[in-house]
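Visitor: I am new to this one. Could you show it to me and take my questions?

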Amino acid sequence: MQNPESLGLLGIAIALAGGAIRGSIPYIYVSLGECLTEKSGRINLGMEGILLMGAMTAFGVSDRSGSPWLGALAAAIVSGLLGLLHGALTELPGVNDIAAGIAMIIFGSGLAFFFGKQFVAPMAPQLPVFDLGASVANTALHAALRMSPLFFLGIAVALVLHYAFERTRWGLHLRAVGDAPDAAYSMGIAVRRHRIVATTIGGALAGIGGSHLTLYFPGIWSEGISGGQGLMAVALVIFARWSPLRCLAASLLFGGAQALGPSLQSAGISGFYHVFNASPYLLTLGVMIFSCSRNRTLTGIPGAIARRG
Amino acid sequence: MTSQAALSSRLEAVIIPFTAIVAALTLFGMFCAWVGASPAGVYASIYKAGFGSWYSWQNSLLRAAPLMLCGLATALPARAGIITVGNEGAFVVGGLASAAAGLATLQAPAWLCLLVMAVAGGVAGGLWIALSAGLQYYRGINAVISSLLLNYIGIALLLQLVEGPMHDPGSLNFPATYPIPESHQLGHIPGSRIHYGLVFGVIACIVSWFLLERTVWGMKVKIVGGNGRAAKLVGLPLGTLVLTASFLGGACAGLAGMVEVAAIHGRASQAISAGYGYVGILVAFLSRQSPLRILVVSVILGAVLASGGILQRDHELPDATITVFEGIAFLAILASEALSGRISFVRSVIKREARELADAKS
Amino acid sequence: MHAPPAVEAVGISKTFGAVRALDGVSLEVRPGSFHAIVGENGAGKSTLAKCLLGFYHPDAGEVKLDGAVVTTTAEARCAGLGMVFQHFTLAPSLTVAENLVLARPDLPLVLNWKRERERLRSFLERAPFLVDLDTRVEYLAAGQKQKVEILKQLYLGTRVLILDEPTSVLTPSEAEEVMTVLSALVQQVSLSVLLITHKLREVMAYADQVTILRQGRWVASSATRDIDVPRIAELMIGRETPMEQITQPVVRASAPVLEIRDLLVRGDHGLPSVKHVSLTLNAGEILGIAGVSGNGQRELVQAIGGQRDIESGSITAFGVPYHASREAIRTTGLFTLPEEPLENATVPRMSVAENLALRTFDRPPLAKFGFLLERGALRRAAEEEVRHFSIRAPSIWSPIRNLSGGNVQRAVLARDLANGEAKILVVANPCFGLDFAATAFVHNQLVDLRNRGKSVLLISEDLDELLKIADRILVMSGGEIVHETMRTDLDLAVVGRYMGGH
């Protein structure tokens with residue numbers, strides 16, 4: 001059996017590609033969820049806490065019930081409720097959605113760690129995997145071709161959102177709500193309802209992303225399991241200019257960045273371990289410096305968000 | 001304002017945070033009941049652990065010290081209009097820098113070594129927050145996101161240096177830097193277990209209050225934070241003011257990191273990242289970004305933090321319970337802010353006076 | 001096609017808190033008529049319109065369409081009522097097509113864009129204006145946006161079109177185009193128009209009926225052929241006002257105090273808003289800049305005031321290059337008063353006293369030792385200015401956002417004029433939204449400043465205001481200065497043409 005080291009650079013590339021696909025999944029869901037939320041004119045910074053709560057819920061329900069899909073579903077529901085909380089809270093007059101987001105991070109992670117304490121088992125029943133490379137001899141390639149169904153589901157969600165934004169009544173109304181809420185209101189569109197629904201669904205999507213963490217990769221529950229992915233997804237949406245398809249592409253990029261450290265390590269390159277592990281954060285920071293500019297308003301930004309800041 | 005309206009408004013400023021804390025405690029009590037602990041018992045334990053004895057008081061004050069400094073790290077930039085959550089990152093790099101500075105000046109007398117450590121910690125922390133603020137001001141990058149990212153980067157930096165160049169081979173299982181000898185550590189206030197970090201915290205709060213409310217600089221900062229356009233109109237240098245306010249805030253957090261190293265651990269390691277930074281954000285928001293209120297709220301929250309152990313021991317509640325409480329408190333203060341102006345007696349008075357507004361603007 | 005419904009308001013009253021916005025107002029808009037409602041700010045015109053539409057529920061009285069009582073927005077819309085508001089109700093990052101489709105109440109769940117575009121195209125063939133369906137609204141000029149708003153209403157099948165000050169963002173020629181089109185539709189009896197306006201010339205030119213409101217009460221209704229402008233004005237105000245002429249000494253050439261050369265300033269979208277503007281302001285004159293809003297005036301004022309970066313070009317004050325630092329502002333005495341002062345020139349949450357001290361808090365007597373605030377001196381200065389400028393505020397420590405618009409404007413003026421340091425005052429639309437008394441006060445302050453040998457640069461969208469007090473008038477259109485004239489030699493037709501960009 002060949003191993004990555006002997007393949008050299010190609011081996012690293014393969015490991016990286018597989019890791020990118022695997023690591024992109026939480027980003028895909030959280031960024032799509034945040035994209036939807038922001039299209040309606042809300043920023044939900046609390047995604048980190050919501051993601052953690054989803055991860056913990058998925059693990060717990062899967063552990064107790066034996067069914068990972070039930071776990072993922074429960075994660076979606078619980079995280080959706082947290083999204084609903086954020087959406088409802090920010091509809092109150094005078095509530096700053098940035099501050100509410102920070103509160104949600106603390107609250108969500110607190111709940112997740114609290115309820116997560118009881119799960120001592122190292123692993124819960126995991127989500128099934130499509131073993132696309134079953135017939136491939138090379139272990140590295142084989143490993144890279146093991147894909148979670150959540151990946152394909154995520155692509156489907158991106159396509160659905162893209163289609164919905166452009167071609168459905170709901171999507172048109174939502175974009176109007178996010179762009180010019182006063183105008184939408186005077187046209188009789190239910191502004192609050194659209195925003196709350198979008199934020200709730202956004203939370204639910206983040207929950208599914210969280211379930212991937214505990215039920216596939218890394219497949220365990222621990223308090224450090226996310227490490228800021230929820231927040232990086234928010235930056236990702238800005239980088240992707242609020243387009244679901246670009247969110248998909250950017251998620252793969254970020255997944256790759258996250259896989260950089262481990263890929264290099266598996267190829268025998270150690271040292272600067274923490275620096276490599278920090279590469280997603282550095283990438284995000286770099287991405288934001290590149291995308292943002294003081295004077296120009298970003299193209300594609302929903303009007304309601306541009307005007308707040 | 002008429003005296004009635006002024007009184008109502010001032011009452012409101014007290015009632016709202018008070019209501020929030022009461023609501024938070026109530027919700028937290030309900031949460032405890034739901035998970036099988038007795039709310040009354042929990043409250044009693046928190047009180048006992050926080051204020052029950054001189055021993056408890058010291059525990060609370062010990063925790064209040066970093067909270068005061070970390071609270072200022074959010075509050076000062078916030079007054080200048082920048083919301084940042086980089087307290088934890090500034091705390092950590094401050095601790096790291098102070099450890100490095102301390103180890104480099106061990107030959108000097110203790111007071112000088114400590115002074116260098118404090119300056120190093122403050123400068124490092126200040127620069128860390130000023131970086132986020134600068135990115136927002138000059139590049140339009142949301143400071144909450146950039147500062148949160150910098151938190152993680154700061155911790156990565158800490159771990160890398162603690163395991164790498166600054167590593168003490170003697171620290172076997174738990175990587176740490178070389179220790180700072182006790183002679184050069186930050187001592188305790190005579191007659192107590194409380195280190196001088198508390199003094200730093202109290203002084204920082206008072207000085208911050210003075211700067212904001214009684215000086216020209218503070219007025220400038222508040223104008224910038226109140227309306228940037230107006231600030232530009234009267235020729236105020238926004239960039240400079242934003243950066244200095246953020247630097248000062250970050251310096252406080254960095255100083256807290258120095259205290260953590262110099263008084264508690266005696267060396268830099270992963271342990272110094274204790275999460276005070278995030279609680280500091282809560283303190284700042286509960287205090288509505290006001291330094292004197294931060295002083296008081298820090299003590300209250302310090303008491304709550306001090307009860308972690310007793311909750312675990314007597315009620316079998318994990319330490320994440322405190323985090324849940326913090327989250328509830330934060331949500332409560334935000335919801336209660338929405339009530340501002342809605343409380344009926346305040347409302348009727350202010351409404352009467354705002355009538356002119358509706359009059360000419362319709 | 002049957003005629004539009006007859007609209008009737010019977011004894012409508014509406015109170016907000018203790019403000020009586022409408023008091024027993026009755027009105028009739030006959031099918032196929034062009035009906036104007038006039039009145040000062042606060043007369044209740046917009047409130048009445050919103051009651052007709054069902055946005056507000058009247059406390060007394062009722063709205064009848066074709067004799068049937070109507071109470072909800074849905075019913076009003078069904079019967080064919082629609083309104084074009086003063087603020088735009090378009091979503092900026094959506095295209096014109098998307099905005100038009102968005103307005104339709106009966107959209108299917110899934111949009112068939114091919115069918116929608118077909119429908120839009122056939123509609124546009126019969127429509128009075130031409131717009132590009134695929135342009136994003138944010139890239140349209142104000143006049144085009146207004147046309148899209150009207151098209152939107154027509155697309156929805158509105159039969160009674162209510163317009164709230166529609167021509168305030170249009171050039172004279174665009175206004176004429178729009179009004180003529182609406183007039184034609186009314187002639188064909190396919191549309192009734194209810195026009196809320198304060199431009200009496202428009203009323204006489206296009207409307208066949210006029211109703212005058214004053215302080216929430218109905219004053220009079222008449223066919224326009226039976227009434228004239230002075231009488232309408234008299235009824236609006238409630239007393240005789242002769243057309244005010246502030247007689248003033250005619251200013252001849254004197255030393256330049258402010259020179260702007262070749263100024264290039266970019267707007268929010270990165271495109272140039274001020275395109276190589278040059279102008280000279282002389283001592284002892286009021287120089288007006290006329291123009292429809294959106295032609296670069298806002299960016300020009302922001303650039304002079306230091307709120308917006310200057311890409312190229314220069315500003316020289318008293319012969320010295322000028323950059324809007326705090327020191328330079330003080331020594332040069334160049335104070336800027338942008339439009340919407342509450343949002344742009346004050347800190348809304350801060351007190352009146354603190355806002356009054358915004359330019360002086362860091363100098364003696366308000367500052368001690370160069371860094372300490374002297375609160376007693378701040379209080380005394382504020383009390384003095386409040387008294388001198390008659391600023392009505394509950395207390396000098398009230399947040400300034402609690403004041404009415406007129407008092408905010410007084411406060412901001414007081415701040416700049418109080419200690420006599422102002423040598424050049426740059427003001428934009430100072431009287432927007434103010435009543436007669438406040439407007440007169442502001443104008444007197446500006447003329448007084450001029451008479452003392454100082455200079456005023458007055459940017460205004462109200463040509464009448466400029467005709468009243470400016471000595472020299474420039475016209476700004478499309479980011480450039482396109483015309484210059486002395487007030488005494490002014491030809492309204494020529495100015496109007498330049499404002500329109502011809």
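Visitor: How much accessible surface does chain C have, and what share of it belongs to carbon and sulfur atoms?

Guide: This is a predicted model. In it, the accessible surface of chain C comes to about 21,400 Å². Carbon and sulfur atoms hold 51% of that. For chain A, the surface is about 11,400 Å², with 67% on carbon and sulfur atoms.

Visitor: Why does the radius of gyration of chain C agree with a compact globule?

Guide: A compact globule of 502 residues would have a radius near 23 Å. Chain C has 25 Å, so the value agrees. This chain holds 17 helices and 22 strands.

Visitor: How many residues of chain C count as buried?

Guide: Of its 502 residues, 56% do. Buried means under 20% relative accessible area, so 56% of chain C falls below that cut-off. In chain A, the buried share is 60% of 309 residues.

Visitor: What share of contacts joins residues at least 24 apart in chain C?

Guide: It is 67%, among contacts between residues at least 6 apart in sequence.

Visitor: Where do the charges of chain C lie on average, positive against negative?

Guide: The mean positions of its 54 positive and 59 negative charges are 4 Å apart.

Note on methods
Residues are numbered from 1 along each chain as its sequence is written. Chains are lettered from A and ligands numbered from 1 in the order in which they are written. This is a predicted model: local features need pLDDT of at least 70, side-chain atom pairs count only at pLDDT 80 or more; totals for chains, interfaces and linings use all residues. Side-chain values use heavy atoms; hydrogens and water are left out. Buried means under 20% relative accessible area, exposed over 50%, partly exposed in between (1.4 Å probe, protein chains only). Accessible areas come from the Shrake-Rupley method with a 1.4 Å probe; for residues, only the protein chains shown count as cover. Helices (H or I, at least four residues) and strands (E, at least two) are DSSP runs, numbered from the N terminus. The radius of gyration is taken over C-alpha atoms; the globule rule is 2.2 Å times the number of residues to the power 0.38. Contact means heavy atoms within 4.5 Å. Lys and Arg count as positive and Asp and Glu as negative; His and the chain ends are not counted. The place of a charge is taken as NZ of Lys, CZ of Arg, CG of Asp or CD of Glu.
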